[in-house]
Every structure is written in C-alpha cells, then in structure tokens.
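Please look at the model below, chain by chain, before reading on.

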Amino acid sequence: MTRWGMVFDTDRCTGCGACSVACHAENNIQTVGEVEAAKGRAMHWLRIERHYEGVFPDVKVRFMPVLCQQCANAPCEPVCPVYATYRTPEGLNAMVYSRCIGTRYCANNCPYTVRFFNWFAPEFSAPLERQLNPDVSVRPAGVMEKCTFCVQRIQDAQDIAQDEERDVRDGEIRTACSQSCPAQAIVFGDLDNPDSRVAQLARTERATHLLEELSTEPSVTYLRGVR
Amino acid sequence: MTDGRLHAAFATSAEVRVALNRLGQDGVPPDAVEIRSSVPLEHDIVPVGGRIKSRLPWTSVVGGLVGGTAFFMLVKLTSEAYPLPTGGMPIVPMPTTGVITFEGLAIGAVIATVATMLYECGLPSLFKKAGPLDHHIASDHILVTVTCDEGASSAWTAKALETARD
Amino acid sequence: MAGPAAGAHEEVLIRPVSTFRPKLFVGSLVTGLIMAVLFYSWGYQIVNDIGVAGINRPVFWGFYIVNFVFWIGISHAGTLISAILRVTQAEWRRPVTRCAEAITTFALMIGGLFPLIHLGRPWVFWYMVPIPTDRGLWPNFRSPLMWDIMAITTYLLGSILYLLLPMIPDFAILRDRMMRESPKSLRTLFFRVAALGWRGTPQQWYSLEAAIRAMAVVIIPVAVSVHTIVSWDFAMAIQPMWHSAIFGPYFVVGAIYSGVAVLMVAMYLLRRGLGIQEFLNDKVFNNLGLMFLAFALLWGYFTFAEHLTVWYGNEHAEIAVFDFRVTGGFAWLFWTMIVVNVVIPLLILPFPKGRKPLGTAIVGLGVLVGMWIERFLIVVGTLRFPRLDFTAGAYTPSWVEIGILVGSIGMFGFLYFTFLQLAPIVSLWEVREGAHIANRAGPAKRHALEPASEEA
C-alpha cells in the first residue's frame, strides 16, 4: 500500500525560503498583503521557522521547515463537524474545500499550527492571475486550507503510470518544495516502499519527528543537524 | 327539556366540598359537574364518582426511550451507511454516540411529556363557550358548573357567592 | 370580593400586561435599536467576509466563541431556580421561577446565534444537519460541535416548553378577567388564544403539575449536559490549558454562577422598575444570595484547582499560557476576574446586610464581567500560545465583534422587555397556590411558607 511521506534534512537547509515561494506558486495561495499579514493572517503552507541559539557574536541559527505533517492519528480530523477533512487510504490528510463551513475547529486542534484560513476571498490582481496553476482550485473566503503534499502532482503521476500500465517510480513525483530546494534538503516518496529514498532516510539514526509525544504519528520526518 | 348550565362561584374549597357532596347525594353524574379554579386544589376536590388520572410520568419515560433509540440509530446507521475514511479511528465510537443518545433521550422525554399533557388536558380547545361567572376564577374563587335540566334542584349552591344560568 | 391570595397585591403584576405601559414600550424600542447593531454588524460581516472580524492565526476563535459560552452559561439561571428548586420543593422559589426561566430561554436564543455568526461560510451551516443528499457525505457525529447542536437544540426546546407550560393557567386568569373588562380588545384576543382554552379543572391541573414535575426532572440533566458539552469544545482539543478533565464540572459551576448573577441583576431591576418588592422580596434575595455565595466558593475552588495543577506540573506548553495569564500581558484581566468573582462576593455575601437586593445586584454585575473575562482568558489565552513557539500570536477584536457583543446584550433586553408586556413576570397561580398552602398549614407554619410575607 502506498503511504506518502517526506523527509527534511535540517542540516542541509539554508533557510533560503525557495520552497515556501514554490509552494505559493504551485498551489494558488493568496498573498494577503501587508495589513493582513501584520494581523497574523499570512498564508504560508510551508514556513521556515528560525530558532536562534547563543548570544551575539556566537549565534547559531537553525532552520525548520514546517508544513502539514499529514498525521496518521490526526487531531484535526475527528473535530470537523462536516467531515471536510479526512485521511485518504494513501496516507494523506485530505481537505475538502467545498465541504468546509469554516468552524475553524481543526485549526485550533492542530498542534503544529499548519492550517490556514481564507479570511477574505483571494485577489490576484493583473497580471498575477496568469500565474495560477490550472490543476489547483482557488479557495473562496471562509474555507480552511493547508499543505496537501501537492496532491495534484501525485494524481498526475499516478494517472500517467496507470496509462502506461506500470507503478509510480520512486522520485517520479516531486512536490513543489522538494523540486525547488537548492540544497536538496527535501525528499518526497512512498514510505511503505522500503527501497525508496524517503523510507531509507526516515530509518537513519538522525531521524526525528515534531511533537512526537502527542502521538499524532506524522508522516514528515526531520533529520537532525549533525553535531 | 333543554339542558342548561348552572354556575356557582365559591370562596373556599371547604364550601366546594359541601357542594360536591350535595351533588353526589342528588345523584348528579360526575360528567355533568365541572370544577374550575385558578390554582390546583386539594386532591379530594373532585365530583363524587369522578376520577383523576394521568399517564405521566410513564409516557415521559417511553418518549425518552424512543428518542434515545432514534438518535442512536441515526448516528449508528447513517455513519455506517456513509463510511467515510477516518484513518483508523472508529466511525461509531460508543462515547461520542452516547452523548448524542443522551440528548435524544432528553428531547424524546420533553416532547412526550408536553404532548401527553396537551392530550390529557384536551388542549387546545378554543371553542368552548365562556360562562357568565368566569371572572370569579380570575379573582381566586372556585367555579362549579353543572349541566342539568332547567329548574332542577339547586340546594348545593346555598353557600355560593353568586350563581348564574346559561 | 377576592379570594385569600388575590387582590390589590396582584394588580402590580397584572397591570404591565393588561394596559399599555409607555416605559416598557420605550424600553423595547431602545433595546431593539441596540439589537439592530448586532444584525447590522452581522450583515456587514456576511457581505464583506469574515475577515472583518479580528480573529486570525493562531487565534482562530475570539469574541464570538467567548460570547457563545457566555450566553449559554447565563442560560443556566432558570434551570437552577425553576427546576432544581421545584424538585426540592423549596416554597420560596414561587415568585422567581418565571423571570428566571425567561432569562434561560432568551439567553439560549442569543447564545445559539453565535455558532452561526462565527462560521466562515454560514450559508452552508446546513451541512451539519443530517439530511440525506446525493453528495455521499454526512455530518461527523464525533465532533463536539455536533454534540453542541444536539444539546442546545434539546435545551432550547425544553426551556421554551418549560417556560410556556406554567404560563397557560396565567393566560387563562388574564383571559377570564379581561373578557369581563374589555371583551373586544386585541389583548383579550391574545390571552384567549394563548390560554389554549384552559379550563382549570382538577384533571387539567393534575396533568399540568405532573408534566411540570417531569419536565423539571428531565431539564436538570439536560442543563448539566449542555454546558459540559460546550466545555468539551475546548477540553477535547489537545491545546495547552484546554485539555483538562475538570472543564466539564468547572464550566457547569461557572454557568450556574453567571446565571445566578444575571438573575440577581434582573430581579433587582424588576423590583425597582415594576414595583414588585412584595414578591421579589428580601427573603428571596437572601436565599438566592446564599446560593450565590455557595457558587462563588465552588467556582473559586475549581479555578484554584485548575491553576494549581497547571503551575505544579510545569509542562512547557501549559506554562507559557499560564505565565501570560497570571503574570504577563493578561494579568490585569485575570486578577480583575479574581477580585470580582471571589474577593468581592466573599466580602459582601456572607453578611445578611450584603444579601439585600442592592448588595447582591452589585455583586452580580461584577460576576457577569468576571465570568466574561474567564471565558475570554480560556479561549484567547490558550490560542495565542500554540505548542510550537514560533507561531505565537495576538488578538485585537474589531468593531464588528464588539458591535455584535453590544447588540446581543440589546437583544436580551429587547426580548425581556417584550416578554414583560406579554405575560406576568411573577407566576400568578403559583404564588396563589403558595398562599393557599400556607393558609392550610395553619398560622404557625404560615410564616415560614408564605412567599408574599408582610414582614418586609
């Protein structure tokens, strides 16, 4: 059975933010503007957290790219009153935009704060609307959204593989973030395939998870920095 | 012989008791006697031979059971009919279903109680004729009305405040 | 000539309903205008998207949820008085049951609006209703919000019926009286219809009293379950200082506490405004004041237990929320709450002079503010500090949210003022029944039982 997962090598991550920008471009995420961002309504499905250690001049910065962890035991799922979020058989935490009525309970119950709400309808002033990805919807106001592991690219690759009567090959699906990372710190693939790169990396001794004590069983693995 | 109504207003329930006894002695059937008051009276103030009963609170219990079962079925059967994927969590967990069943119990009991009460009281019944002495009920008196022949004996109205016929 | 209990005493109860009272009408008008602020703000929000409110990420829930819990909490006043005191056969409750139950019903109506107001897409709220469609989807009964819907619907229906049932005999009294005084007026027609043809026969009284007893017994667990379920909106989430097992009983106690507070303020205003000191007298205030004190102590106990466990456990995510609440940016709110909810009630209510109407009303006003602050601290205080420190945020309510809060208070006033002009605020037949019972018990017992006592 396929189980999609991701690995972030925090030792390789330079904090450049290319992944975040690529995510915006790929998924038609609205740019909320200065005023709204100051109110805390910016929508970065994938954010780079900066953690400073030490005092100047001996400061170290660690970068942590955080996105929806696609938890196997997701706390956001049982609390949605209309089943707008659920777990797919392939291990993704799916979000059904047209079902969402905007109670925002799922966002409150996410310990990683990776869910984002459309407070206003998105505005793509000309010529930005030409950059929109036709494979992805534009969400209306009042609807919750989050990282989907670029499900449109997964669908596309699976469609092609089905047409060609073969399985999806490891490395064939590149999420927008993994595609654009210059340090190749992001790896995406099938965790249930023991030979895939992501499964091998997830088994190394540097592998760790965020907020593991909450038993959310995230599908995202972080590789600790080399000390 | 036309049946009319003889109304008598009394100030205290003791006097009503006397009146009811006289009516019983006169052999007036309990269906022909109507006692009306603005407060609940002592339970022995009933026409001689009359009976008061209520199916409450048993209907509340039955209504509660029906409501609880209905809500339980709603949750269980519908969730199983639309089996949405939940990533391993049970689709009909007993604790959460229990919460909804409890509310169903309550709502069933409430509706059954009110429905039984309205049925037993014969409400709404907006077309019964008002009587000439009804305002005495509003001033905390007790009204006894007897449906009887014109000119029948009215010894029982001896201590009434006021009597009238219609 | 009137019976033992009726007479001049009751005129003051009947006059607001049988004649036009300009002060009450103006009251309805003014509060109606304030209520319009709620609907205007809400309409503005629907047209201009929910972003016009101040909520953001991570504070996804703000004023609307605070107000929701606040109003549902206030609704527990009536159940305590009319249900619990009926079941325990406390005679002094008779003048208070209706004004308390009215508070419950109107507070529930207002509280029930807020889940709609806070939705991102309120026009599809019906997705939460189990209607079969061809979408192949169904509401999620495992969500605490679905439990909310079931519980509040049940409680609202139960409360409305529990308010209306004992009103039928009173409407009959008014009908019989007004049929003689002014048989053709609109008011008389209203009372004729509202009385449903009630005759007041022994069979009807028996059924009615059995029904009221049954409803009282059913509505008490419903009330407890409603606020427990509302508290589970928070307790079921794994957020720091939300995921606490104590929330169920804590919120129920807090709800009854705020309910009694509103009741004290409302009763004081009714006394002054309608001149019904004889019915809402010092004895009633004294007894309710004692219950008020008991709940102050209970609330203080639960609050202390909750904060002690968090502080002692010293768990990182919870301490972030705790420190900000007790010693940080929200400390002024927290300590104000402690003063008005615990310190002031304990300084005033233990003394008989403090339990006079003015004393309890002042304490009640403070408790209302304090309980609103408590809900605010719980909702916003936790959401500002998620587990991953990087995403901590802040919250400023916008004019839309403030307008809706102000408008909701106006709506409560409007509903209450209108109710005062439609039905007697003290239950006529129950007070009469109490006087009859006192008379039958004999002169020695009359002093203890009679609610409308001459001693004041």
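How many helices and how many strands are there in chain C? The model is a predicted one, and in it chain C has 17 helices and zero strands. The C-alpha atoms of this chain fill a box of roughly 80 × 55 × 40 Å along the principal axes. For 456 residues, a compact globule would have a radius of gyration near 23 Å, and the 23 Å of chain C therefore agrees with that expectation. Of the 456 residues in chain C, 56% are buried. Among contacts in chain C with a separation of 6 or more, 80% are between residues 24 or more positions apart.

Chain C touches chain B. To this contact chain B gives 50 residues and chain C gives 53 residues. On the side of chain B that touches chain C, the elements giving two or more residues are β2 (33-36), α2 (58-81), α3 (94-121) and α4 (135-138) of chain B. The largest share is that of α3(B), with 15 residues. By residue class, this side of chain B consists of 30 nonpolar, 13 polar and seven charged residues.

Chain B is assigned two stretches of sequence as domain 1 (3-51 + 125-165), while domain 2 covers 58-121. Taken over C-alpha atoms, the centres of domain 1 and domain 2 of chain B are 45 Å apart.

How far can the coordinates of chain B be read? The average pLDDT of chain B is 85, and 94% of the residues score at least 70. Where pLDDT is low, predicted coordinates should not be read in detail.

In chain A, four strands form an open sheet in the order β8-β1-β10-β9, with mixed pairing. Strands β8 (186-190) and β9 (207-208) of chain A are at the edges and have a single partner strand each, so one side of each is left without a neighbour in the sheet. Strands of a sheet pair through backbone hydrogen bonds, either parallel or antiparallel. Which way do β1 and β10 of chain A run? Strand β1 (residues 4-9) and strand β10 (residues 220-223) of chain A are parallel, joined by four bridges. One residue pair to look for here is Val7(A) with its bridge partner in β10(A), Thr221(A).

Methods:
Residues are numbered from 1 along each chain as its sequence is written. Chains are lettered from A and ligands numbered from 1 in the order in which they are written. This is a predicted model: local features need pLDDT of at least 70, side-chain atom pairs count only at pLDDT 80 or more; totals for chains, interfaces and linings use all residues. Two strands pair if DSSP finds at least two bridges between them. Two residues are in contact if their C-beta atoms, placed from the backbone, lie within 7 Å. Ala, Val, Leu, Ile, Met, Phe, Trp, Tyr, Cys and Pro count as nonpolar, Asp, Glu, Lys and Arg as charged, and the others, Gly among them, as polar. Domain bounds come from an automatic or database domain assignment. The radius of gyration is taken over C-alpha atoms; the globule rule is 2.2 Å times the number of residues to the power 0.38. A residue is buried if 20 or more other C-beta atoms lie within 10 Å of its own, exposed if 12 or fewer, and partly exposed in between; C-beta atoms are placed from the backbone. pLDDT is the predictor's confidence in each residue, from 0 to 100.
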